[in-house]
Amino acid sequence: GPLLSQHRKLLSNGQAALHISLSKLQIIETAEITSAAETDMVAPRLEAAAEYSSKLLVRVTAKHQKVDELHAAVMADEQRIRDAQAEQESLRAQADAQLQAAQDAYDEATEQVVELHDEDINELRSYHSPPGLVQKVMEAVCILFDQPIDWKSARQLLAGYDASSDQEKSRPKRSLKSQVLNYDLSGVSDVVFNKLQYFKNNPSFNPSAVSQVSKAAKNLCMWVLAIESHTGMRRAFKMRYARANEADGVIMNIRAVQEAKQAQLDSARELLGQVKLQHEMAVENEKMLASQLENLRTKSGHCHRMRLALSLSKEKWNKRMERLKEQTMKLQGDSLLAACSVVYMGPLPEALRAEVLEEWKAALSDSGAAVAFSPDFHLHSFMAIRDKGGNYIPRKIQLDSLRKENMFLMRFTRQPPLLFDPSGEGFACLRALHPSHNWQTIGMSETGCISRALDAVAAGGNVLLRLNEYSINLNMLTHLASSYQEFLSNTSGAFDQG
């Protein structure tokens with residue numbers, strides 16, 4: 001019973017351990033196959049992701065270039081607008097400055113005429129045949145006041161009359177200085193302006209030359225030239241302002257083009273942001289796939305190495321598993337043979353043990369009972385299953401099969417056995433097996449050996465009786481056995497038949 005159940009448990013545990021090892025190997029093999037399959041799946045995905053990232057990078061580069069070009073165009077238009085505005089401001093500033101200078105010159109010339117004394121004007125009017133420069137100055141004055149160009153008309157103008165009126169008495173009288181002071185510069189027509197060019201282009205028509213003849217004529221000469229200059233500047237002012245106003249149109253056109261380009265730039269920047277985001281996501285996906293592929297390859301490598309290492313033991317494990325299954329199938333018969341051996345084999349010599357064991361095997365085979373057993377059964381091989389850790393037979397003790405069986409018999413019998421030990425090795429084996437016990441050796445030839453052995457056993461000691469020093473006396477052994485039976489529960493001694 002105990003041998004069968006204990007061995008069945010040991011064999012079951014052995015099979016379970018082997019099953020776990022084989023299952024782990026199968027798991028590793030499956031993991032290797034799975035890793036390889038996943039690697040084959042991830043590798044093309046990584047390649048496609050890398051290609052997609054590269055294409056997106058090309059698009060990002062192109063979008064960047066487009067944005068840079070549009071930005072440069074917008075900035076160029078902005079510079080054109082600033083240049084046009086600067087030119088516009090310059091034209092207006094020049095026109096204002098030149099017109100203001102002409103106005104200042106005209107105001108000064110007008111003031112010079114207004115400040116003339118009546119005697120100076122009467123002096124001019126007193127000429128019946130005026131000097132040539134005086135004549136020229138007054139012709140220009142008559143043109144400005146739209147009077148006939150002759151000396152008579154000039155004298156009337158100097159007197160304050162309008163020569164264009166037919167009746168002298170009906171002519172309104174207004175002093176020349178008053179007419180000069182209130183002269184309407186805006187009323188100078190193109191015809192008058194063109195007529196004044198004749199005087200302006202005359203080298204002798206200048207205040208310096210005229211001053212040699214008449215002070216009043218000099219001031220009037222200055223006034224005429226100031227009107228011509230102011231009229232010319234006013235014309236130039238209008239032209240410059242017209243050009244400046246044209247610049248407004250140019251600026252508006254450039255601004256419209258710039259706004260269109262700015263809209264394109266904004267759209268291009270938005271597209272660039274989208275493509276960059278796609279590229280960043282693609283790069284992250286590529287990194288994730290690369291990391292995943294690297295992990296799979298590492299895992300596959302580990303599984304491959306572990307599988308190779310464990311595969312070397314797989315065949316051994318399978319063989320061991322088959323042996324355990326076979327031992328399990330024959331466990332009932334082997335346990336029966338082992339129990340018989342433990343009970344009956346102790347006193348028998350080795351040859352007789354083998355003979356008796358074969359008879360038992362034959363008896364089991366001839367009985368017709370469905371009990372399988374190992375044809376090569378030996379007690380020491382069967383019991384060795386229980387002694388994998390060297391708990392029953394210390395590994396430092398080198399024993400043959402007979403002595404191994406004796407050791408197992410001493411360990412697993414309910415009563416101390418009578419063992420056949422012709423070489424007297426029992427004491428050495430027992431000391432090695434139980435080094436902590438205090439063994440007492442008593443020879444059968446010693447006086448009072450039986451009472452001494454019983455006293456030692458009664459005291460809880462461990463006794464080894466040596467019979468090889470004394471002739472075998474069956475009555476003594478019977479007496480010893482019956483006396484010993486009373487102390488059986490307190491002994492771990494052994495009988496040694498020499």
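## A pair within helix H1

Arg82 and Glu78 both belong to helix H1 (residues 2-114), where 4 residues, about one turn of the helix, lie between their positions. Helices here are DSSP runs of H or I with at least four residues, numbered from the N terminus. The two side chains form a salt bridge, with 3.8 Å between the closest N and O atoms. The term salt bridge denotes a side-chain nitrogen of Lys or Arg within 4 Å of a carboxyl oxygen of Asp or Glu. Arg82 is partly exposed, at a relative accessible area of 40%. On this scale, buried means under 20% relative accessible area, exposed means over 50%, and partly exposed falls in between (1.4 Å probe, protein chains only).

## Basis of the model

The model is predicted: local features need pLDDT of at least 70, side-chain atom pairs count only at pLDDT 80 or more, and totals for chains, interfaces and linings use all residues. Residues are numbered from 1 along each chain as its sequence is written, and side-chain values use heavy atoms, with hydrogens and water left out.

## Salt bridges between helices

The structure holds 13 salt bridges. Side chains of opposite charge can pair when their charged atoms come close.

One of these salt bridges joins Arg243 to Glu87, at an N to O distance of 3.8 Å. This pair links distant parts of the chain, since Arg243 lies in helix H8 (residues 215-329) and Glu87 in helix H1, 156 residues apart. Arg243 is partly exposed, with a relative accessible area of 44%, and Glu87 is also partly exposed, at 45%.

The closest N and O atoms of the Lys200 and Glu228 salt bridge are 3.6 Å apart. Lys200 is partly exposed, at 43% relative accessible area, whereas Glu228 is buried, at 6%.

## A salt-bridge network

Asp77, Arg80 and Lys261 are linked in a network of salt bridges.

## The surroundings of Lys276

Lys276 is located in helix H8 and is partly exposed, with a relative accessibility of 34%. Apart from neighbours within four places in sequence, Lys276 is in contact with Val60 and His64, where contact means heavy atoms within 4.5 Å. Lys276 and His64 are 212 residues apart along the chain, and their C-alpha atoms are separated by 9.8 Å.

Notes. Helix = DSSP H or I, 4+ residues; strand = E, 2+ residues; numbered from the N terminus.
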